[in-house]
Amino acid sequence: MHWRRLRRQCRKVISGIPLPEPFSAQELCTRLAAERARPLHLLPLPTPTVPGTPSGMWLVTERGDYVFYDAQTSPLHQEHIIMHEIGHMVCDHRSQGDGQRLYRHLDIADPQSIRQVLPRLRYSDEQEQEAEMIATLILEAAGRLPAPARLSGMLGGLESAMGLRGLRTTGASCPRG
C-alpha cells in the first residue's frame with residue numbers, strides 16, 4: 001500500500017478515537033474497552049523479547065481482549081507497541097496463522113476461549129503496515145512523536161525535483177472492520 005494513501009486511510013480510522021489528555025496508553029485502553037463494551041487487559045509479556053519472538057501481541061478471547069507488550073524496553077517503545085496492537089484492534093485485523101504456540105506460556109485463565117492471536121513479529125504485510133501507521137499517528141496526535149516535516153536544503157530540492165513535495169504529509173488508511 002502506498003505510504004500517502006496508508007497515512008490518509010489510517011487517519012480516518014483514528015479520527016473517531018478521542019485521545020485522553022494527558023495521554024496514557026492505559027487510559028486509552030480503558031476508553032476503548034468502554035466503547036467496545038469488552039474488557040481490554042494491558043499486560044507485560046512474561047519475559048523480555050528476543051529476536052524472532054513478538055514484542056507485542058493482541059489476543060482475542062470470548063470474554064475480552066488482551067494486549068501484551070515488552071515491558072523491558074523504553075516507555076515510548078512500550079507505548080508504540082501497545083498502540084500498534086490497538087491498531088490491529090481498531091482495524092479489526094484477523095490472524096493469518098496458528099498462534100497457539102505463542103500464547104501457551106501466557107497467564108490466561110481459560111486458554112480454550114482464545115479466538116485469535118496477532119503477534120507483532122514483522123512488518124511486511126498490509127495489516128502490519130496499517131497497525132504500525134495507526135501507532136505512529138496516535139503517538140503523533142498525543143504529542144509523543146513529531147509529525148513528518150518537510151525536507152529542506154538539498155533533500156528538499158531533490159524531493160521537489162522528483163515531484164514529491166507536498167506528498168509526504170498526507171497518507172493512506174486502513175478500512176474499518
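Reader: Which residue stands opposite Asp-65 in β3?

Author: Leu-40 does. Bear in mind that this is a predicted model. Five bridges join β1 to β3, and the two strands run parallel.

Reader: What makes β1 and β3 count as paired strands?

Author: Pairing needs at least two bridges. β1 and β3 have five bridges, so they qualify.

Reader: In what sense do β2 and β3 pair?

Author: They are antiparallel, over five bridges. Gly-56 stands opposite Tyr-69 in β3. Three residues lie between β2 and β3, and the two strands form a hairpin.

Reader: What makes β3 mostly covered?

Author: Five of its five residues are buried. Asp-65, Val-67 and Tyr-69 point one way, while Tyr-66 and Phe-68 point the other way.

Reader: Why is Asp-65 called buried?

Author: Its relative accessible area is 1%. The cut-off for buried is under 20%, so Asp-65 falls in that class.

Reader: Which residue forms a salt bridge with Asp-65?

Author: Arg-38 does, with the closest N and O atoms 3.0 Å apart. The limit is 4 Å, so the pair counts as a salt bridge. Asp-65 lies in strand β3 and Arg-38 in the loop between α2 and β1, so the pair ties together parts that are 27 residues apart in sequence.

Reader: Is Arg-38 classed as buried, partly exposed or exposed?

Author: Partly exposed, at 22% relative accessibility. Buried needs under 20% and exposed needs over 50%, so Arg-38 sits in between. Salt bridges that share partners also join Arg-36, Arg-38 and Asp-65 into one network.

Reader: How many salt bridges does a search of the whole structure find?

Author: Six. Side chains of opposite charge can pair when their charged atoms come close. One of the six is between Arg-7 and Glu-140.

Reader: How do you know that Arg-7 and Glu-140 form a salt bridge?

Author: Their closest N and O atoms are 2.5 Å apart. Arg-7 is in helix α1 and Glu-140 in helix α5, and the pair links distant parts of the chain, 133 residues apart. Both Arg-7 and Glu-140 are buried.

Reader: Which side chain meets that of Arg-144 in a salt bridge?

Author: That of Glu-79, at 2.9 Å from N to O. Arg-144 is in the loop between α5 and α6, Glu-79 is in helix α3, and 65 residues separate them in the chain. Glu-79 has a relative accessible area of 12%, so it counts as buried, under the 20% cut-off. Arg-144 has 34%, so it counts as partly exposed.

Reader: Why is α5 called largely enclosed by the rest of the structure?

Author: Twelve of its 16 residues are buried, so the description holds. Among them are Gln-127, Glu-128, Met-133, Ile-134, Leu-137 and Ile-138. Just after the helix, Gly-143 takes a positive phi of about 80°.

Reader: Which residues have the most contacts inside the largest nonpolar core?

Author: Leu-40, Val-67, Ile-82, Met-83, Ile-86, Ile-134 and Ile-138, in a core of 30 residues. The elements that give two or more residues to this core are α1, α2, β1, β2, β3, α3 and α5. Another core, of five residues, lies apart from it, and its members include Leu-45, Met-57, Tyr-66 and Phe-68.

Reader: How many helices and strands does the protein have?

Author: Six helices and four strands. From the N terminus on, they run α-α-β-β-β-α-α-β-α-α. Buried residues make up 44% of the 177 residues. Among contacts between residues at least 6 apart in sequence, 70% join residues at least 24 apart.

Reader: What pLDDT does the protein average?

Author: The average is 77, and 67% of the residues score at least 70. Over residues 167–173 the pLDDT is below 50. Beyond near neighbours in sequence, this stretch has 42 contacts in the model.

How values were computed: Residues numbered from 1 in each chain as written. Heavy atoms only, no water. Buried < 20%, exposed > 50% of the residue type's maximum accessible area, 1.4 Å probe, protein only. Core = buried A, V, L, I, M, F, W, Y, C linked by side-chain atoms within 4.5 Å. pLDDT = per-residue confidence, 0-100. Contact = heavy atoms within 4.5 Å.
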